[in-house]
Amino acid sequence: AIDQLNYMTQQTDSYAAYAQSTFAFNDRWSGTLGLRYTRDEKDFFVSQVLMAPNAPSPLPPTSQSDSWSDTSLRAGLDVRVTDDVLLYLSVAEGFKSGGFNGRARKPSELEGYDPETILAWEIGMKSEWLDRRLRLNAAAFFSDYQDVQLTEQRLEGQTQTIVTQNAGDAEIRGLELELEARPVPQLRLNASLGYLDAEYTRISAAAGASGLTLQHKLIGTPEWTAAAGAEYTIPASERGEVVLRADYSYRA
């Protein structure tokens, strides 16, 4: 094996403009509208040096430049059912710019990758009960990802290559529940529960050729998550207190 060194530099110039406004239709109903423009410009250079004397480099010095721009929208609608119960609906777009493969080992792996975008919907409730001693929040959401950026390890013979590519499209549906209670002033209880249904809906040709299929799980999307905690405060003196706390968390 021949040791090698990849030398990389990248300059990123990012420009953005953002505006958002909330309008109250009456005492109960309000709407929010936001708009963001983003432009990212990237200049990338990579060269490869082999440690063995007189060994030819398979990756000559290469410069690449590209730019991406996006206009993202955010809209929301809130209704205050009572002074302690708020219902909301929101939709938002997101954008992650493209880039270049800095760990390439040969020219064919230098191809950059395109931006990733998302359209996210959420509906939920924020509420307080029992003279604000009980807080209950709930949300359901749906996220539609286009051109998901995925980092992949390839093994060709004894050579390992790591590249980033657009793997395809994906959808994530989920539910979240959060509960916080204070039955007495000294005791605070909290609990949360989350559910995710995440799946690929389209696989790109490049990702499919590397073995990715619609049956693969999305990275970092456990089906179930849960947490619980309890905190008890004991006054120790006029100037201090002792707080006892226990926490539990679970990820599928």
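These notebook entries record what I looked up in a predicted model.

**Entry 1. Ground rules.** I note that the model is predicted, so that local features need pLDDT of at least 70 and side-chain atom pairs count only at pLDDT 80 or more, while totals for chains, interfaces and linings use all residues. Residues are numbered from 1 along each chain as its sequence is written, and side-chain values use heavy atoms, with hydrogens and water left out.

**Entry 2. The nonpolar patch.** I looked up which residues make the nonpolar surface patch: they are Phe 23, Phe 25, Trp 29, Leu 77, Leu 89, Leu 119, Trp 121 and Ile 123, and the patch covers about 790 Å². Patch residues have over 30% relative accessible area and no salt bridge; nonpolar side chains (Val, Leu, Ile, Met, Phe, Trp, Tyr) are joined within 5 Å, and like charges within 9 Å. Areas come from the Shrake-Rupley method with a 1.4 Å probe, and for residues only the protein chains shown count as cover. A salt bridge is a side-chain nitrogen of Lys or Arg within 4 Å of a carboxyl oxygen of Asp or Glu.

I then found that strand E5 (residues 116–129) gives the most to this patch, with 3 residues. Strands (E, at least two residues) and helices (H or I, at least four) are DSSP runs, numbered from the N terminus. Leu 119 belongs to strand E5 and is partly exposed, at 31% relative accessible area. The classes are buried under 20%, exposed over 50% and partly exposed in between (1.4 Å probe, protein chains only).

Entry 3. I checked Asp 131 and Arg 132. Asp 131 lies in the loop between E5 and strand E6 (134–156), and Arg 132 is in the loop between E5 and E6. Phi is near 60° for Asp 131, a positive value in a residue other than glycine; phi of Arg 132, likewise not glycine, is positive and near 65°. Asp 131 counts as exposed, at 72% relative accessibility, and Arg 132 counts as exposed at 59%.

**Entry 4. Strand E7.** I placed Glu 180 in strand E7, where Glu 180 is partly exposed at 25% relative accessibility. From C-alpha to C-alpha, Glu 180 and Pro 235 are 22 Å apart in space, and they are 55 residues apart in sequence.
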